[in-house]
Amino acid sequence: MSAELPGRTDPVRSVTAFDIVTCRGVNTLREMAEMMAGRAVGFLLVTREGSVAVVSERDIVRALADGEDPDDGWAVDVMSRDALTVSPDTAIEAAAELMLEANVRHLVVDDPDHERYGVVSIRDLVGPLLAG
């Protein structure tokens, strides 16, 4: 018997990955691409004091298209310093609406009660949205 999928009004925590891939601001574009490929993810959390920054596949592709050298471009040069965050209690449907409005494919889930961050992608939300 398979478990029932969460629905659109369930909290985003039900589909959030809390085992996330992180990088540092000094990682190169190549290193970040290798991390993403190795873990089959499209989004990295950049470890920084006091704030959340992120690097997406789009950020790396844009930097390479602009002529950045994969071994000389750094996370700090391409990261988004104003990552969109949601609470683990945010409804799946509300998270999807925020992604659409901001034209992003990932959100950071800020879970201060457990002192951790997670990531939810549009792919994580599709099943629950279609399930109703």
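In the predicted model, helix α1 lies across strands β1, β2 and β3 and runs at about 125° to β2. These three strands form an open sheet of mixed pairing, in the order β1-β2-β3, in which β1 (residues 22-23) and β3 (residues 53-56) are the edge strands, each pairing on one side only. Strand β2 (residues 43-46) is joined to β3 by four bridges, the two strands running antiparallel, and V46 has A53 of β3 as its bridge partner.

Helix α1 (residues 29-39) also meets helix α2 (residues 57-65), the two axes coming within 11 Å and crossing at roughly 145°; the crossing in which α1 passes α2 is left-handed. On the α1 side the contact is made by L29, M32, A33 and M36, and on the α2 side by E57, I60, A63 and L64. Of the residues in this contact, seven are nonpolar and one is charged, whereas none is polar.

Helix α4 (residues 92-102) contains the buried residues I92, A95, A96 and M99. Viewed down the axis of α4, the buried residues fall within an arc of 100° and therefore line one face of the helix. An α-helix has 3.6 residues a turn, so residues three or four places apart point the same way. The elements that cover the buried residues of α4 include the strands β5 (residues 106-111) and β6 (residues 116-121), together with helix α5 (residues 122-131). Helix α4 is followed by N103, for which phi is positive, near 55°.

Note on methods
Residues numbered from 1 in each chain as written. Predicted model: local features only at pLDDT ≥ 70, side-chain atom pairs only at ≥ 80, totals over all residues. Heavy atoms only, no water. Buried < 20%, exposed > 50% of the residue type's maximum accessible area, 1.4 Å probe, protein only. Arc of directions from axis to C-beta. Contact = heavy atoms within 4.5 Å. Axes fitted to C-alpha atoms, helices over the stretch in contact; angles between N-to-C directions. Left-handed = near helix turned anticlockwise from the far one by under 90°. Nonpolar A, V, L, I, M, F, W, Y, C, P; charged D, E, K, R; others polar. Pairing = 2+ DSSP bridges.
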